[in-house]
Amino acid sequence: MVGKHDSCDDRTGIPDEIAGLRMTRQRQEIYRILLEERSHPTAHEVFVRAKDRLPNISLATVYNCLEALVNHGVIRQVNFERESSRYCPNLREHGHFHDESTGVIHDVGFKPGFNPADFLDLPPGAVVQDIEITLRGNVPVL
Ligand SMILES: [Zn+2]
């Protein structure tokens with residue numbers, strides 16, 4: 001979680017440390033790309049964007065940065081069937097709506113009072129700790 005921070009990088013506006021993770025220049029740039037690009041990019045898409053700002057960065061470094069950010073809970077890794085992992089900086093509990101006609105992946109929040117037990121037959125006594133919901137469909141062009 002992004003909390004209180006004593007210092008901040010002037011170039012990126014991103015703290016030097018998040019959730020105990022030291023934010024190197026590379027990690028800051030990767031994180032900034034994810035904040036700017038809310039389309040749930042793949043590691044390769046992040047890499048292509050990162051090269052604009054960090055011409056010497058390698059794909060392996062991008063993977064390492066993403067892994068560190070995921071492991072510290074700064075971003076989430078999202079896996080859709082048969083696809084490369086995607087990355088999401090939205091830490092609020094949410095599902096994903098995959099627009100099949102455009103390929104856009106929308107974050108969809110849960111409405112207040114949302115309880116999965118209201119519409120799913122869970123095993124008796126089951127306690128839900130984490131929810132991953134992926135919906136597929138189309139968003140009409142208005
Ligand atoms: Zn998301």
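Buried residues account for 16% of the 142 residues in this protein, where buried means that 20 or more other C-beta atoms, placed from the backbone, lie within 10 Å of a residue's own. Keep in mind that this is a predicted model, in which local features need pLDDT of at least 70 and side-chain atom pairs count only at pLDDT 80 or more, while totals for chains, interfaces and linings use all residues. Residue numbers start from 1 along each chain as its sequence is written.

Let's get the overall layout first. The protein has three helices and seven strands, and from the N terminus on they come in the order β-β-α-α-α-β-β-β-β-β. Helices (H or I, at least four residues) and strands (E, at least two) are DSSP runs, numbered from the N terminus. Of the contacts between residues at least 6 apart in sequence, 45% join residues at least 24 apart; a contact here is a pair of C-beta atoms, placed from the backbone, within 7 Å.

The chain splits into domain 1 (17-87) and domain 2 (92-137), with bounds that come from an automatic or database domain assignment. Five residues from domain 1 and five residues from domain 2 make the contact. On the domain 1 side, those residues are two nonpolar, two polar and one charged. The largest nonpolar core has 18 residues, and Ile30, Tyr31, Val46, Val62, Leu66 and Leu69 have the most contacts inside it. Such a core is a set of buried Ala, Val, Leu, Ile, Met, Phe, Trp, Tyr and Cys residues joined through C-beta atoms within 7 Å. Each of α1 (25-36), α2 (43-53) and α3 (59-71) supplies at least two residues of this core. Take Val46: beyond its neighbours within four places in sequence, Val46 touches Ile30, Ile33, Pro41, Val62, Leu66 and Tyr87.

Helix α1 has twelve residues and spans 16 Å from first C-alpha to last, close to the expected 16 Å, which is 1.5 Å times one less than the number of residues. Its buried residues are Arg27, Gln28, Glu29, Ile30, Tyr31, Ile33 and Leu34, and their cover includes α2, α3 and β4 (86-88).

Ala50 sits in helix α2. Why is Ala50 called buried? Because 22 other C-beta atoms lie within 10 Å. Leaving out neighbours within four places in sequence, the contacts of Ala50 are Glu29, Ile30, Ile33, Ile57 and Val62. The C-alpha atom of Ala50 is 9.6 Å from that of Arg32, 18 residues away along the chain.

Over to the strands. Strand β5 (residues 94-99) pairs with strand β6 (residues 105-109) in the antiparallel sense over five bridges; two strands count as paired if DSSP finds at least two bridges between them. Gly95 has Val108 in β6 as its bridge partner. The two strands form a hairpin with five residues between them, and Gly103 in the turn has a positive phi of about 80°. β5 also runs parallel to strand β7 (residues 134-137), joined by four bridges, with Asp99 opposite Gly137 in β7.

Methods. Two residues are in contact if their C-beta atoms, placed from the backbone, lie within 7 Å. Ala, Val, Leu, Ile, Met, Phe, Trp, Tyr, Cys and Pro count as nonpolar, Asp, Glu, Lys and Arg as charged, and the others, Gly among them, as polar. A residue is buried if 20 or more other C-beta atoms lie within 10 Å of its own, exposed if 12 or fewer, and partly exposed in between; C-beta atoms are placed from the backbone.
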